[in-house]
Amino acid sequence: MINDSMPLPQGAPDGEGRPSWVEYFMDITELVARRSTCTRRAVGAILVKDKRVLATGYNGAPSGVRHCAETGCLRAQLNVPSGERHELCRGVHAEQNAIVQAAHYGVPIKGATLFCTNQPCFICAKMIINAGVKTIYYKEGYADDFSKEMLEEAGIEVIHVP
């Protein structure tokens with residue numbers, strides 16, 4: 001279910017300016033994105049359940065492998081448009097890294113919510129579906145309509161946070 005117009009909960013009713021839970025987790029996602037080693041786009045993702053962060057991920061080369069800043073970006077060199085030819089990238093997507101981090105440390109994520117700076121691509125969508133994530137909040141779109149269709153078919157609620 002794609003939901004681009006869902007009203008977001010505001011800060012605490014006490015007027016002290018506390019962020020809502022959605023704002024809080026999206027802010028953390030933005031901070032995680034700052035660790036990105038991708039030269040084209042900084043993306044961050046966190047998996048949350050019961051108001052607790054389970055795992056984080058940002059996009060970049062796998063652990064122990066040189067970053068794109070050192071090797072150059074093959075996608076940029078070949079003028080590959082965003083959302084196409086994912087196999088021509090040495091980086092791992094933020095959503096993938098969050099799922100892998102949870103698996104690496106034995107953290108179950110079934111029923112979790114994913115907060116991400118960008119709408120997941122269709123490769124990440126397949127992983128998200130199989131990992132049992134139930135809801136996705138994202139800030140910026142991504143050139144991948146197939147991803148939206150697949151997530152909707154799987155019954156995952158996708159919420160755009162403006």
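This is a predicted model: local features need pLDDT of at least 70, side-chain atom pairs count only at pLDDT 80 or more; totals for chains, interfaces and linings use all residues.
**Overall build**

The protein contains 6 helices and 6 strands, and along the sequence these elements follow the pattern β-α-β-β-α-α-α-β-α-β-α-β. The C-alpha atoms, taken along the principal axes, fill a box of roughly 50 × 30 × 30 Å. A compact globule of 162 residues would have a radius of gyration near 15 Å, and because the protein has 16 Å, its value agrees with that expectation. Of the 162 residues, 40% count as buried. Among the contacts between residues at least 6 apart in sequence, 55% join residues that are at least 24 apart.

**How helix H5 meets H4 and H6**

Helix H5, which covers residues 122-131, packs against helix H4, residues 94-104, and H5 also packs against H6. The table sets out the two pairs.

| Helix pair | Angle between axes | Distance between axes | Handedness of crossing |
|---|---|---|---|
| H4 and H5 | about 30 degrees | 9 Å | left-handed |
| H5 and H6 | about 15 degrees | 8 Å | right-handed |

Why is H4 described as roughly parallel to H5? Angles under 35 degrees count as roughly parallel, and the angle of H4 with H5 is about 30 degrees, so H4 is roughly parallel to H5. The angle of about 15 degrees between H5 and H6 likewise means that these two helices are roughly parallel to each other.

In the crossing of H4 with H5, which is left-handed, the contact is made on the H4 side by Glu95, Gln96 and Ile99, and on the H5 side by Ile123, Cys124, Met127, Ile128 and Ala131. Sorted by class, the residues of this contact divide into 6 nonpolar, 1 polar and 1 charged.

On the other pair, H5 brings Phe122, Ala125, Lys126, Ile128 and Ile129 to the contact, where they meet Phe146, Ser147, Met150 and Leu151 of H6. The contact of H5 with H6 has 7 nonpolar, 1 polar and 1 charged residues. Ile128 of H5 is listed in the contact with H4 and again in the contact with H6. As a general point, an α-helix has 3.6 residues a turn, so residues three or four places apart point the same way.

**The buried residues of H4**

Which residues of H4 are buried? They are Ala94, Glu95, Gln96, Ala98, Ile99 and Ala102, and what covers them includes the strands E2, E3 and E4 (113-118) as well as helix H5. Just after H4, glycine 106 takes a positive phi of about 70 degrees.

**Methionine 150 in H6**

Methionine 150 has its place in helix H6, which covers residues 145-153. Is methionine 150 buried or exposed? With a relative accessible area of 19%, and with under 20% as the cut-off, methionine 150 is buried. Leaving aside neighbours within four places in sequence, methionine 150 is in contact with Phe122, Lys126 and Ile129. The C-alpha atoms of methionine 150 and phenylalanine 122 are separated by 7.6 Å, although these residues stand 28 residues apart along the chain.

**Two residues in the loop between E2 and E3**

Aspartate 50 is found in the loop between strand E2 (44-49) and strand E3 (52-58), and lysine 51 is found in the loop between E2 and E3 as well. Most residues other than glycine have a negative phi. Against that background, aspartate 50, which is not a glycine, has a positive phi of about 55 degrees, and lysine 51, also not a glycine, has a positive phi of about 65 degrees. Aspartate 50 is exposed, with a relative accessible area of 65%, whereas lysine 51 counts as partly exposed at 46% relative accessibility.

Lysine 134 lies in the loop between H5 and strand E5 (135-140). Leaving aside neighbours within four places in sequence, lysine 134 is in contact with Gly111, Ala112, Ile156 and Glu157. Lysine 134 and aspartate 50 are 84 residues apart along the chain, and their C-alpha atoms are separated by 13 Å.

Technical notes. Residues are numbered from 1 along each chain as its sequence is written. Side-chain values use heavy atoms; hydrogens and water are left out. Axes are lines fitted to C-alpha atoms, for helices over the stretch in contact, and angles run from 0 to 180 degrees between N-to-C directions. Helices (H or I, at least four residues) and strands (E, at least two) are DSSP runs, numbered from the N terminus. Angles under 35 degrees count as roughly parallel, over 145 as roughly antiparallel, 65 to 115 as roughly perpendicular and the rest as oblique. A crossing is left-handed if the near helix is turned anticlockwise from the far one by less than a right angle, and right-handed if clockwise. Contact means heavy atoms within 4.5 Å. Ala, Val, Leu, Ile, Met, Phe, Trp, Tyr, Cys and Pro count as nonpolar, Asp, Glu, Lys and Arg as charged, and the others, Gly among them, as polar. The radius of gyration is taken over C-alpha atoms; the globule rule is 2.2 Å times the number of residues to the power 0.38. Buried means under 20% relative accessible area, exposed over 50%, partly exposed in between (1.4 Å probe, protein chains only).
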